Amino acid sequence: MGDPEGTGAELSPAGKSDLGTAALGPASLKREREEPKQGSVLLLGSNAVKSSAVVKYSSAPPQAAFARLQEKTDLKLPPANWLRESAKLGPAGATILGNSKKSKPFSSFGMAYDFIDSIGNDVDVVSDSENIKKLLKIPYSKSHVSMAVHRIGRTLLLDDLDIQELFMRSSQTGDWTWLKEFYQRLIDQKWQRKKKSKEHWYQKAILSKFLYYSINGDEAAQPVPTPEEQHREETTQNESGEAERVSWPAPFEMPSSLSEDASTSNQGLKNDFVRNILWTFEDIHMLVGSNMPIFGGGRYPAVSLRLRDNNKPINVLTGIDYWLDNLICNVPELVMCFHVNGIVQKYEMIKTEDIPNLENSNFSTKVIKDIAQNILSFLKANCTKEGHTYWLFKASGSDIVKLYDLTTLCEETEDKYQNPFTMPVAILLYKVACNMMLKKNQNRKHYGTIRTLLLNCVKLLDKGRHPQIIASANYMLSELFQLDEPKKEGGGEFPLNGNSDESYSEEEEEMPDSDENGSYSTSSDPADDNKAVAVIKSVGELSVPEKYKSTHQIRPSCAFPVCHDMEERCRLVLSYVLEGLKSVDSSIKKEGDLPAADPNTPIPLKYEDESTNVGPECLEKQMALFLDKMGSFQEVKHSSRSGMIPGSWQYKMKLQLILKSSKAYYVLSDAAVSLQKYGRALRYIKLALQCHDTYCCLCTNMLSEVLLFLCQCLTLCGDIQLMLAQNANNRAAYLEEYNYQTKEDQEILHSLHRESSCQVFSWATDLSTDLECQLSISCKCYEAANEILIFSNLKKQNPEQYTQVLKRMGNIRNEIGVFYMNQAAALQSERVENKTVSVAEQQLWKKSFSCFEKGIQNFECIDDATNAALLLCNMGRLMRICAHAHCAAGEDFKREFSPEEALYYNKAIDYYLKALRSLGKREVHPAVWDSVNWELSTTYFTMATLLQDYAPLSRKAQEQIEKEVSESMMKSLKYCDVDTVSARQPLCQYRAATVHHRLASMYHSCLRNQVGDEHQRKQHRILVDLHYSKAVKFFQLLKDAPCELLRVQLERVAFAEFQMTSQNSSAGKLKTLSGALDTMIQTQSVFQLIRKELIAECEQRVEDDKNNDAKTPAEDSPTSLNKEEVLKLLGIFESRLSFLLLQSIKLLTSTKKKTGSSSEEEEILKVNKKVYSLLLRSAANKKLTLLERTEVVLNLLELLTQDKESSNLEIQ
């Protein structure tokens, strides 16, 4: 019976006696898919064609060995098994061999559905083998050709278009009148149907009986039927033909099963062929359906069986027919039985490769190849529009082949859905797109093709009749634009159909005047026929090699649209979602726009009390309701307001569309945030959350991915509210953006309102004008996102999201804490007379402290030491504000540093130290580390300064206060980094200089005011010298603090004067005076700096006067010199210099009188007198300007410097 594995066997090369095994496998309803094999080359005379065939699917029974009938067997007598079921025929039963040769009108679609992977890409043609043969015989035949052609990608689907049946239907139902009128007007003005002759039915009966005899040769013959029985037989056959005619579906009608369930298919779209074969003929790949019976076994493993009238020679048409059948089915031999008037005469075995060379049937295989290539090129070049039905027509006896676009012709009529192929084509477009969508993540280059398929599918369908497919197609279109999301569902794909019992039929010679073809006109085509898309002027052109080759590779444009920005991309997604929602909503049966009100559901009113609409307390309640809803959504049975039935296709599709729209709005919102369009961003995130609210109302069991997406939406909403709070200046612009809404958004929202009130997230998406409310809403959004992550167990699965949410919670709590802290500081600045701290201030402190505390906990949960340190730093600042608030409001001279101030400053210090411990070391975050150190240094310095300036002498001893001041100042120095080069280094140097200056002043004051232990006084003198010298050192590093440096030097001079008062010997006093004058000389650099700045200011003023530019007043000059301070210090300097010079002159004169003096002392005395004289003259001149007085001082200091240098040289 043949090898069951040989379904893919190929033809052997000519001349080999071993034909191989080409038997079909056992009967099976399963699809057998095999990899295509390379075809053998058939060498036919001087011609050569390449052909290979692989059986992709077969439902044929096990091959039966044919029975060789004895001569004189009368085929007019039926065998015993005629038209009965036989085990050899398999499950298809008696009809597998006996029906009409006509293929069903949608046969190619049935195959296309079963082999959807090949459609649009790998295969050039899908068709019945009868149609392929008919096309390749066009140049040889005068018969009519009428075929429907459809294009799906690069694949052409060919189907027999039986005009007779269509027009018979038109006569009965009134359908297809437009095509009938068109046909009568342009092709056949006097159309009428002719019935098939008795000879036709007689030949079919003879063939049927012959085939049954061949599989059952031992059975006895039946008596010859009487004329009455024969008539009944013919009537039955005729009726069966009529029954076939009414198998055409109504125009654009579908059974309710397909309308309601996209997973089923209707009658007429089945794969009715016994076998489907992937046939490669030269470079053309074809998926062909065939019902030809193949016999095998014994000497003949695979043969085709033919019955011929011995009185009628085989012509070219029959030869081509037999050759192509064997080639397509990979059958190496043909067995032909000859009869005369139904009496068997003989058998003849013919090899397939010998068929083209038979007597009276010679034809060139190369010409057949050229015809195939030319027809394919012609069709591909002109059938360019996917979804359109093209009609390839050649009238009987005509040499002209025309191609019409029936879809365009149909659209010109009143009902554009009068095309019978519209629905099958739409479904096929949809199925091919579905199949490609399943693989879209592996190969994104097909996006353009998928989009084209779906758009053409939607274009063909009537929205009112096929909402499910339209909704699904629009959803898939929207999926193409979300490339970052993995595909969840590809829409409901139609299952593959089972097998039918359509039989093989013998193809008789086609005669131009046969009864069957009588409806087609032999007249020439009218000259005014301009409806044809393309015309082959003569069938002879098809035999010319490569006549249409130039157009063979034309492909339709399937470019994927380029979106210039994210908003355009999302808008495309939303446009498809909206169309899908409209389709779903239109299919839901309803009495009105919305269902009747539920008596248990309160009706929301438009009026809302403003007092209950803002504020953290209201938000707490709304948040609690939201969390309660989110926490119990699994137990609550949700229902649709529109009456959708859970589990229905509308329900499932609307859920997917709503979720898709929610994601699109989320992406739009995120993009708007990047553009700093926060009003627009809030509007989009509001729509996203409204979509999600509707999804929650419909969905009874939300997926973790959906909850995670909700968490992301709430997080983004929190970000937007925070941004709105931080950019309050643009509030008007943001409000305008927020209130704007497109028509598309309104329609989507209308669809959402059919299912839900969309108010669950209203608390999060309102645009408030109150800063505190905005910050509170932002915080609640983050808290809600955090709650979702916790109760849905998503925290461990999405650690990054959890970390981001906690970080944002910490940040917003810091923002709110700072907001309350600044409010408290503002209240404090307004409080002038009231000595006590108000309750409002205390409440603000508590709120601020609570926010900082929670924020620190958030950051500690995710081990974010840096941000935790910053919040601890803010807590320290809050404590300093509290300390400052407790300052007494009385006069400064009555004020003392209070215990409350000390308490809060010490708390601030504790928080700063915690911040440093949190960071651990500077390398963790140098900038934050330096900032915390600076704040800590400032706190110590402030506390020491207040303790020093407002000493609490009523509570503490002077010595204890001095000790505390000294300790605080030294700690301030400890945390003041003067060595690290940074922007803050000059501030640190200034701080260090100020600390040393204050300590020196404090010890100086102690020496002046206290009479104590001499050892302690000595220690104080050492400390005074030490701190003054360090203060001078740091101030000298700074180029912008001349007054401070001058003050320190003057204080050092005053300290020297104080020491001189306690000295008794002249030598000691002279030494002290000499040191004091040296200190005076050291101020020379200070006065040079002062002179430089004064000169620069004068030059600037002259320049301004010259340019008449009054816009830059003197005080706006680059100098920061405080003239009043300089005048004051200059006066003190002149007086102290005058005093020192006078004392020096007196002491040197006195010493000279008593003991005589050295030349050095005389020189010093001489210079001092000169300088003193010049100084007195300068002081007497009141007209000198500040610059001139500075010049005088510099000259005097220069004289003293020269005298000092000369004295040193003499000593050396």
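Reply: Let us begin with burial, where buried means under 20% relative accessible area, exposed over 50%, and partly exposed in between (1.4 Å probe, protein chains only). In this protein, buried residues make up 53% of the 1212 residues. The model is predicted: local features need pLDDT of at least 70, side-chain atom pairs count only at pLDDT 80 or more, and totals for chains, interfaces and linings use all residues. Residues are numbered from 1 along each chain as its sequence is written, and side-chain values use heavy atoms, with hydrogens and water left out.

Me: How many helices and strands are there in the protein?

Reply: Helices (H or I, at least four residues) and strands (E, at least two) are DSSP runs, numbered from the N terminus. The protein has 36 helices and 14 strands.

Me: In what order do the strands of the open sheet lie?

Reply: Strands of a sheet pair through backbone hydrogen bonds, either parallel or antiparallel. Here two strands pair if DSSP finds at least two bridges between them. The open sheet of four strands runs β8-β9-β10-β11, and its pairing is mixed. At the edges stand β8 (294–295) and β11 (343–351); each has a single partner strand, so one side of each lacks a neighbour in the sheet. Eight bridges join β10 (residues 333–340) to β11 in the antiparallel sense. Within this pairing, Phe338 has Lys346 of β11 as its bridge partner.

Me: Which helices pack on the sheet?

Reply: Contact means heavy atoms within 4.5 Å. Axes are lines fitted to C-alpha atoms, for helices over the stretch in contact, and angles run from 0 to 180 degrees between N-to-C directions. Helix α5 (residues 198–215) packs on the sheet and touches β8, β9 (303–309), β10 and β11, its direction making about 135° with that of β9. Helix α8 (residues 316–328) also packs there, touching β9 and β10, at about 165° to the direction of β9.

Me: Which residues touch the most other members of the largest nonpolar core?

Reply: In soluble globular proteins, nonpolar side chains tend to be buried together. A nonpolar core is a set of buried Ala, Val, Leu, Ile, Met, Phe, Trp, Tyr and Cys residues joined through side-chain atoms within 4.5 Å. Of the 253 residues in the largest core, those touching the most other members are Leu179, Trp391, Leu428, Tyr665, Ile685, Phe1087 and Phe1133. Helix α18 supplies the largest share of this core, 14 residues. A second, separate core of 55 residues includes Met286, Leu327, Leu334 and Val401.

Me: Is α18 largely enclosed or left open by the rest of the structure?

Reply: Of its 23 residues, 18 are buried, so α18 is largely enclosed by the rest of the structure.
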